[in-house]
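Please open the model in your viewer and keep the sequence at hand, so that each selection can be followed in turn.

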Amino acid sequence: MAASDTLPSDAPPAILGLVGFRRRRGRYGSATQLLWNRLENDASLYELCQVRDDLTDEEQVILEQCGQRLEVARRCLDRPLWRWSFSFWQVIHEVDGLLLLVMPRHMLLPHALEVQQQFERRVTDSAQKALWLGAERTQGPLPRSIRILRGEPLAASDPEAALSEQERLTRCRHVLRGALGVVNDRVDKSFWQLSINVSIQILSTLLLLTLSLIAMLGFHHSLVTTWPQALIPQGLLLLSLMGAAGAVVSNMLSKERFIVATGATSRFFAYHLLVKPVVGAFAALTLLFIEQSNLLLSVVPRAPANAASYNPALLNIVVRDWRAVFFTLAALSVVAGYSADRFLSSIMNNVLRRLLGQSEKLLPPSGAPEAGGASQRAKPG
């Protein structure tokens, strides 16, 4: 049975034109339908808050802002090609916070309990937990606001006992909105990290396919049979592509925790899709130079049998023939490109740290001169 068979044939509900069951049934999947459900859930809360008879001017302005943001969220999801997911969640989170300021009190307590539960589960920073929940998670502003919403009596020494009920309720609303903002900020960071990692992995896959296509179209099988005579320039270019491919594979298998929540993310894409492949190609060339110089590593064929005994390299890899030499260097180039980012960055960090430590030893002590005393250079000879 098709999904359209379950819909009424005449006079369908107006909500079907909003949530996209008919307009997007052929293109959007269940994930988008969940986003539409979240949007319409906030829209229903917005309509319930509108029917209040005791709305103040400030609350009416807040409801107008909620209506505008809900329309923006609909436009973010209703784009035919690319949905604005980041903008959608930012707008929805703003609507959630604003609705806490205007919803009736009997609707506020369930949302407050949900905010506290999400805060305890998602927020891992001990300083933020101590600030919002208190030292024992009972005396902070968030648990205190929930006790006020439950109607529990306040102690006579509590500073909020002198406030009116309306003032306490207003303060509770703003505390809940602030705590929800902290939770949403944490969720947005995780969403950005996941989105960037998935995007980099997809683009790395396309880049790897492109490099493989270039390697297959740009090089002939005669390169293997004429190795090592064809080392320059075909061999250098091919092993460079192998190193870049190893760095791209590293992008596909690793998940970075980018410390970003908002702002431009092009620098991360440029680093993983441009800088790391170039570093991988450089590492592969460095490995090839070291192998050709016979300083540390050498890959030699088995014939003649005594070739390795006269080789001054510290590590000799003996293979069957020159064809095996070529493919061994290609495999080592992939490994070098895969581990180049972590290996070379750790080496450079150690070198810079050692140079910095030596420079600190050479510098004169930075102690303050004695009062009224002249420096040694200022003294006459």
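Begin by selecting Q118, which lies in helix α5 (residues 105–122); helices here are DSSP runs of H or I with at least four residues, numbered from the N terminus. This is a predicted model, in which local features need pLDDT of at least 70 and side-chain atom pairs count only at pLDDT 80 or more, while totals for chains, interfaces and linings use all residues. Residues are numbered from 1 along each chain as its sequence is written, and side-chain values use heavy atoms, with hydrogens and water left out.

Q118 has a relative accessible area of 16% and is therefore buried (buried means under 20%, exposed over 50%, and partly exposed in between, with a 1.4 Å probe and protein chains only). Its side chain makes polar contacts with the side chains of Q117, at 3.3 Å, and of R122, at 2.7 Å. A polar contact is a pair of N or O atoms within 3.5 Å; within protein, one must be able to donate a hydrogen and the other to accept it, and residues adjacent in sequence count only if both atoms are side-chain atoms. Leaving aside residues up to four places away in sequence, Q118 touches V123 and V183, where contact means heavy atoms within 4.5 Å.

Next, select P141, in helix α7 (residues 141–150). With 30% relative accessibility, P141 counts as partly exposed. Which residues does P141 touch, not counting those up to four places away in sequence? They are L131, W132 and V175, and the C-alpha atoms of P141 and L131, 10 residues apart along the chain, are separated by 8.1 Å.

Now display helix α3 (residues 57–77) together with helix α4 (residues 85–99), whose axes come within 9 Å and cross at roughly 160°. Axes are lines fitted to C-alpha atoms, for helices over the stretch in contact, and angles run from 0 to 180 degrees between N-to-C directions.

Finally, turn to helix α8 (residues 165–218) and helix α11 (residues 266–293), which pack at an angle of about 35° with their axes 10 Å apart. Residues of α8 including I196, L203 and L207 meet residues of α11 including F268, H272 and P277.

Technical notes: Helix = DSSP H or I, 4+ residues; strand = E, 2+ residues; numbered from the N terminus.
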